[in-house]
Amino acid sequence: MVASKLIKYKHVLCCGLVEMNALSNGTESKEELKYIKRTTNLTLNGTAVFQQFKDPISSTYTYLLGDKATGECILIDPVIERIDHDMSKMKELHLSPIIAINTHCHADHITSTGKMKTMVPKLKSYISKASGADADIHLIHGEEIVWANGTRTLKAIATPGHTDGCMSFVDLELGCVFTGDCLLIDGCGRTDFQGGSSKTLYQSVHNELFALDAGTIVYPGHDYKGRVRSTIGHESKYNSRLTKTLPEYVDLMKNLGLSLPKKLDVAVPANMKCGV
Ligand SMILES: [Fe+2]
């Protein structure tokens, strides 16, 4: 039954106008499959456009959420080195960016939001108030970004822990969440600088993200192994870090022994000013 449903999605997607990939690992529950079907149908029958881009240098995912009816789009976590790619992709899709969101003040790459604002004057940059970074709009927990003539909504959820200003964004219509570096696929962001706290990240994930419907599709800020999405249900059952107890998780994060990101000293000061 599951296999036949997945083949059907694959067929639908082959004729699709937009890039909305179906989950295909065969482990999804009935509830998760219901969400995938809903998302796919909405995308094909409605006016939604979805694209996931990857910066190969930092393995950062940038997301494009578009609306064909208004010609508007939102970018989440765009990367400076990819600005030409992102601009030409939007042109190809006949979309113009109105909002560029950073899920947090990144330490591993520079955002393109500041530079893009010089190219598209109506574009507004968004980041959390708690980040302390410059932007046109500063978001607080629970705030809703309503766009596309009121037909689309992105809900901002404060999910600190990787940094003290991290936010995740729930797309209420598409049934997905953009988790930045808080929740990654089978992992999470590091918690050892920029106001990071392993205890806080654990609480953000368990209290805010794992509280979402199990079928909610997870789009992370990075993946270093080529994976593109997961679900809340899958991560709450199988994430090898966040299914541990809090003391076990805090201990694990304390002993990761990671070296600092190469661009830390350049990226953080730049990103505090929209990347410019
Ligand atoms: Fe980060």
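This presentation describes the fold of one chain, from its overall make-up to a few individual residues.

The structure is predicted; local features are reported where pLDDT is at least 70, side-chain atom pairs count only at pLDDT 80 or more, and totals for chains, interfaces and linings use all residues. Residues are numbered from 1 along each chain as its sequence is written. The term pLDDT denotes the predictor's confidence in each residue, from 0 to 100. The average for this chain is 87, and 84% of the residues score at least 70. Over residues 1-25, however, the pLDDT is below 50, although this stretch has 32 contacts in the model beyond near neighbours in sequence. A contact here requires that the C-beta atoms of two residues, placed from the backbone, lie within 7 Å. Where pLDDT is low, the predicted coordinates should not be read in detail.

I turn to the chain as a whole. Its secondary structure comes to eight helices and 14 strands. These are DSSP runs numbered from the N terminus: helices are H or I with at least four residues, and strands are E with at least two. Of the 276 residues, 46% count as buried. Buried means that 20 or more other C-beta atoms lie within 10 Å of the residue's own, exposed means 12 or fewer, and partly exposed is in between, with C-beta atoms placed from the backbone. Among contacts between residues at least 6 apart in sequence, 62% join residues at least 24 apart.

The strands bring us to the sheets. Two strands are taken to pair if DSSP finds at least two bridges between them. Strand 1 is joined to strand 2 (residues 60-67) by eight bridges in the antiparallel sense, and Gln 51 has Leu 64 as its bridge partner in strand 2.

Which strands does strand 13 pair with here? Strand 13 (residues 217-220) pairs with strand 14 in the antiparallel sense over two bridges, and four bridges join strand 13 to strand 10 (residues 176-180) in parallel. On the strand 14 side, Ile 217 has Thr 231 as its bridge partner, while Val 218 stands opposite Ser 230.

Next, the interior. A nonpolar core is a set of buried Ala, Val, Leu, Ile, Met, Phe, Trp, Tyr and Cys residues joined through C-beta atoms within 7 Å. The largest has 52 residues, of which Ile 74, Phe 169 and Val 205 touch the most other members. Leaving aside neighbours within four places in sequence, the contacts of Phe 169 include Ile 76, Ile 101, Leu 154 and Phe 178.

Cys 105 lies in the loop between strand 4 (96-101) and helix 4 (113-119). Is Cys 105 buried or exposed? Cys 105 counts as buried because it has 24 C-beta neighbours inside 10 Å. The C-alpha atoms of Cys 105 and Gly 165 are separated by 7.5 Å, although the two are 60 residues apart along the chain. Not counting residues up to four places away in sequence, Cys 105 touches Gly 165 and Gln 194, among others.

Gln 194 sits in the loop between strand 12 (187-188) and helix 5 (198-209). Its phi is near 55°, a positive value in a residue other than glycine. With 19 other C-beta atoms within 10 Å, Gln 194 is partly exposed. Cys 274, in the segment after helix 8 (264-271), has a phi near 65°, which is likewise positive in a residue other than glycine. Cys 274 is counted as buried, since 22 C-beta neighbours lie inside 10 Å.
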